[in-house]
Amino acid sequence: MNTGVHRGFLRKYGGFMFKQWKEKYVVLTAEGSLLVCRDSDDCETIAEGRDILDLPKLPAGARRDCCFALILPQNKFLLLLSDNPDDCNLWLNLIRKVREGVMSPMTLQRQRSITPCITDRDSLPDSCSDKDPGSPKLCDTPPLSRLGDRGGSLREQSQVNGVRRPLRSVSVAPPHRVSDCLRHGNSSDARAVRAVCLLMGGAAASSALGYLNSCAPPPPLTINRPPEISSGSGASLSFLRGVPSTPAARTVKSNSKLPPGPFALPVVGNLPFMDRNAPYKSFMEYSKTYGPVMTVYLGWQRAVVLVGYDAVKEALVDQGEDFIGRAPLNLFKKATRGYGLAISNGERWTQLRRFTLTTLRDFGMGRKAVEVWIQEESKHMIARINTFNGKLFDPTFIFSHTVSNVICCLVFGERFHYENKQFLQLVKTFNDFITLSSTPFGQLYNIVPWVMDHLPGPHHTVFASVEEVRAFCKEKIDEHLKTLDPNSPRDYIDCFLIRMNQEKENPNTEFHFENMWSTVLNLFAAGTETTSSTIRYALSVLIKYPNIQNRMQEEIDNVIGRERCPSMEDRKSLPFTDAVIHEVQRFIDLVPLSVPRCAIKDITFRGYTIPKGTLIFSVLHSVLKGEQHWATPFAFNPEHFLDRNGNFKKNPAFMPFATGKRSCVGESLARMELFLFIVSLLQHFTFSCSGGPDSIKLTPETGGFANCRALRRKAMDLYTTVILGALVLVLFWICSVKSNSKLPPGPLALPIVGNLPFMDKHAPHKSIMQYSRTYGPVMTMYLGWQRVVVLVGYDAVKEALVDQGEDFYGRAPIHFLYRATRGYGVGISNGERWRQLRRFTLTTLRDFGMGRKPMEAWIQEESKHMIARINTFNGKPFDPTFILSQAVSNVICCLVFGERFLCEDKQFLRLLQILNSFGKFNSSPYGQLYSIFPWLMDRLPGPHHTMFANIDEVRAFNKKKIEEHMKTLDPNSPRDYIDCFLIRMNQEKENPNTEFHFENMWSTVLNLFAAGTETTSSTIRYALSVLIKYPNIQKRIQEETDTVIGQERSPNMEDRKSLPFTDAVIHEVQRCLDLVPFNLPHYALKDITFRGYTIPKGTFIFPMLHSVLKEKKQWATPFTFNPEHFLDQNGNFKKNPAFMPFSAGKRSCVGESLARMELLIFIVSLLQRFTFSCSGGPDKINLSPETSGFGNLPRRYEIIATPR
């Protein structure tokens, strides 16, 4: 490709994709411009002219607000032309999401609500001419037409008589909105009829644009391939006049109307990005971005997820006939061989459900007869519990036996003794089966059964146990056959056998042995584990909240007493008890995803099309924990079901049994069992546990298909990880990174790039905080291939940096800083070098007064120079950035160089500019990329090379100052830090292993100069923004300082005790600014054991200061500026252990005491002399950071300092 678009061109013009096409080259630039050219020179000529695919002159009154292109899969480009700013902003945000990896291109294609509708005006009829842009006449335009018909290359078309002009391309209709297109999409009077797409190659055209049918459909026509524009060696483009009816086109068309959803990988879909232990949490998180109806992929299985009461109710009730299908869950299908009531559909389900409901009701389900059975079974349960004589016991199987026996009476016509070993094994099998379905292992079986069937694992054991249940049921059915009296059925099996005999001549009957035993299995399993788990959870709640238990017992004693068995009639008189039982069902959220449904036909729902065969998850968790319907959705609160008078009240969002045509068959039985069993237990017992209420955790042990107890959790988690890892290997065809089972948990990382594609590049700490909600306060991530352990929250950070400070003191070799300092200096060193340099630096700086009275005098003197400089602006707007940098830096210069610099010193100003740009670059995505891929970035052009050249200027400045000090050095009278370092160098000149040499000296000086300038000056600048934003705070500080100090005397550190509000504001400024959200990364110098995990040597460690300074547990209003965080009830200053802007432990900031002194004296001095404001008023100030990466850098404003 000698004439290809060379890399230099792409770098120069920001191109991020190019492809050879018909001897031409297509380039999509970072700004969204689309280039089609013959060679790199041609591309460059077009780029310089900036007239690529531009619009010609628009009709009178119209205006062009945006024109950009979007890259789509399979070499397709989408070109958007719009004259409406709202449309442009909407598309720009969506394209940004695609580029940042938040949304996939295919998801964008499925967004019906944002389909671009652009008309090719060259082909409009006269009634829609430019002379009459507002004409109401019909504009029956062709759906898609050729772009430009004059031939010639783009380069030739762009120049006429030597004058460069825009290329002919696509015009827009009179001003319109995208919503107009959608509203009139099927109407013949639509002005905006179709979108224009650019495709590379005719073959791809036919499979590209089915989704555009959200606008007016094209007239029927047949086109073998799109027409072409070609002339000589000019550019050649293919454009569509219509969409041929091909299978591929129909596939795209059908998918285009799917609900939106997150980007899915081939083979594994969205599985790698989901919480495998609680997938419903991932669905809830996705819904914040994609709405209440969204599409996800579990492996290659498409699933539509419904979130929230409105969506679930609309689907299951209002459109219940459409959403009646049950998904063929492979785990249940294997257990039941595809028969039975639970997972059947169509006529089988209709007949079996009708028969089952009728039969169970005939035997008293929900009526007095079954109530007597439950009362009788409760007596056996109480007798069994009494045998423990107040000793500790596990109630799991007792409750399972009790509930199961009620089902057994209905199904088998008999109950079983608690000691019956066969019955015990059956109950255990159902318990294991339901639990298996909730583990990652069971979920994997549902997704890839053909893989799991050939792999060892506990599912084989469970399936073998299910066969034992089958044998047990067969034995019971044989016994019933021998003793059956058709005129006097005893139970469900008798009734089924009678119906079988009645339909024995029907070849299509659904009443046969396979359906009978599978339905019995359904009833036995569902009727046992769900209700018994709820009762067990209820007891946990009552132990957790003994006051609730006491109140229920008092109510029960008053209404029923302790002798009479409770009945369902008592429920009306026990409103609080009834409310608690309902709240238990809501709070346990037993089946958070509901039992999945399936689209047994194409379904139209909320404007989307759900294709036949799609899984449908109605997330009951989102209904039972929806903030719209529950006052405190994530807290246990019986008041949800009580009115102001203490009477029971219903809530339509209470649907633990699901709703609609597929709601639980045994709902009335379960309600009766829960009420009678729980009341009976509280009549006879008060429940507690050895560890007290605090030992009870109400969070589920597993949270997959159901929230229940775990089954060999660790082994299954490990097995699941292995299977998912294998699927990812199939996808990427590469070897995975060696895993470490003792590492903290974390999100799945892709090879090479790790978690980077899924992180917010503008504020990566936000992505990490989001992940911590799923993976906890200690988690593992990968930045590229660099493993990182992240510590989130005060407890984890403090435990690591303080309690285990010796383990976590290592500093990570941040490549950008390492390159700048060549690996020397106190900043990023470790081991003996760090110890010696830190000890020497702290001792020397303290000897020169850091944190003491001499340093206070230097700062007071510097504040006078700063104030004098500000006075020169005479109340006019100015940017305080470099004035503040000069003031703060001069304090450091006094310590390090023994002199201060004048504000007019050009070399000094140049150094400050370099330091300022250094901080910005370090926080930019480009700087972060250098720290992750330094070997790649060193070989690519970019601003980092300029930055390193600038740092060499700082090195030369330091070298010059050091040489000056060497010439005038008096070993008996050191003047500053450099003198002391030179003296120590001379003392250790005979030591071959000394750490006191020129490289360490100049790098440590750079560390002090950089860290001591930008951090403190940025904080003061942010403080001024805060005071302008909140003038009442500024006024209150001035009143306090006027009272304590006045406006003449310079403030000192002794005044701080008398300025509690001022001190609180300064602390809150540091907390709210959150200057270094990640902290400077730490490093595992050896294998570290932390909270049961192993952090291998060489791992980066991020103690997230952002999570400490903004933690809800530590701060009343963590995301609001609130000085009250540091004031007690009497207005006195109070400390907070979570205030650690300077980090904590052995690696805390060396200059912390100096920074605290500078902040107080400089800020108070400024407010003594000036009142600060800005021309736009307080509302103009935005306190969010300008850049947020390595550091949160405050925005720059021109401010006004009005002398007081």
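N1079 lies in the loop between α39 (1060-1073) and β21 (1082-1083). Helices (H or I, at least four residues) and strands (E, at least two) are DSSP runs, numbered from the N terminus. At 5% relative accessibility, N1079 counts as buried, where buried means under 20% relative accessible area, exposed over 50%, and partly exposed in between (1.4 Å probe, protein chains only). The C-alpha atom of N1079 is separated by 6.1 Å from that of M1104, although the two residues are 25 residues apart along the chain.

The structure described here is a predicted model, in which local features need pLDDT of at least 70 and side-chain atom pairs count only at pLDDT 80 or more, while totals for chains, interfaces and linings use all residues. Residues are numbered from 1 along each chain as its sequence is written, and side-chain values use heavy atoms, with hydrogens and water left out.

The expected span of a helix is 1.5 Å times one less than its number of residues. The table sets this value beside the distance between the end C-alpha atoms.

| Helix | Residues in helix | End-to-end C-alpha distance | Expected span |
|---|---|---|---|
| α35 | 26 residues | 39 Å | 38 Å |
| α37 | 32 residues | 46 Å | 46 Å |

Helix α20 is mostly covered, with 25 of its 32 residues buried. Helix α37 is largely enclosed by the rest of the structure, because 26 of its 32 residues are buried. In α35, the buried residues include H944, M947, F948, I951, V954 and F957.

**Helix packing**

Axes are lines fitted to C-alpha atoms, for helices over the stretch in contact, and angles run from 0 to 180 degrees between N-to-C directions. Helix α29 (residues 831-847) packs with helix α37 (residues 998-1029) at an angle of about 60°, and their axes are 12 Å apart. Helices α29 and α37 are therefore oblique to each other. Angles under 35 degrees count as roughly parallel, over 145 as roughly antiparallel, 65 to 115 as roughly perpendicular and the rest as oblique. The crossing of α29 and α37 is right-handed. A crossing is left-handed if the near helix is turned anticlockwise from the far one by less than a right angle, and right-handed if clockwise.

A second pair consists of helix α21 (residues 546-559) and helix α22 (residues 575-588), which pack at an angle of about 140° with their axes 8 Å apart. That angle makes α21 oblique to α22. Helix α21 passes α22 in a left-handed crossing.

**Aromatic rings**

A pair of aromatic rings is described by the distance of the centres and the angle of the planes. Rings of Phe, Tyr and Trp (its six-membered ring) pair if their centres lie within 6.5 Å; planes under 30 degrees apart count as stacked, over 60 as edge-to-face and the rest as tilted. The structure holds 34 aromatic pairs. One of them joins F685 and F687 in a tilted arrangement, at 5.9 Å centre to centre and with 55° between the planes. F685 counts as buried at 14% relative accessibility, and F687 is buried with a relative accessible area of 12%.

F901 and F957 also form a tilted pair, at 5.9 Å centre to centre and with 55° between the planes. This pair links distant parts of the chain: F901 is in the loop between α31 (881-896) and α32 (906-923), F957 is in helix α35 (residues 943-968), and the two are 56 residues apart. F901 counts as buried at 6% relative accessibility, and F957 is buried with a relative accessible area of 3%. Elsewhere, F355, Y492, F496 and F511 form one aromatic cluster.

Charged side chains also lie over rings. A charge sits over a ring if NZ of Lys or CZ of Arg is within 6 Å of the ring centre and within 35 degrees of the ring normal. R586 lies over the face of W630, at 5.2 Å from the ring centre, and R1036 lies over the face of F1061, at 3.8 Å from the ring centre.

**Backbone angles**

Most residues other than glycine have a negative phi. A658 has a positive phi, near 65°, and is a residue other than glycine. A658 is found in the loop between α23 (620-624) and α24 (667-684), and counts as buried at 13% relative accessibility. R1091, which is not a glycine either, has a positive phi of about 55°. The place of R1091 is in the loop between β22 (1088-1090) and β23 (1093-1095), and at 35% relative accessibility R1091 counts as partly exposed.
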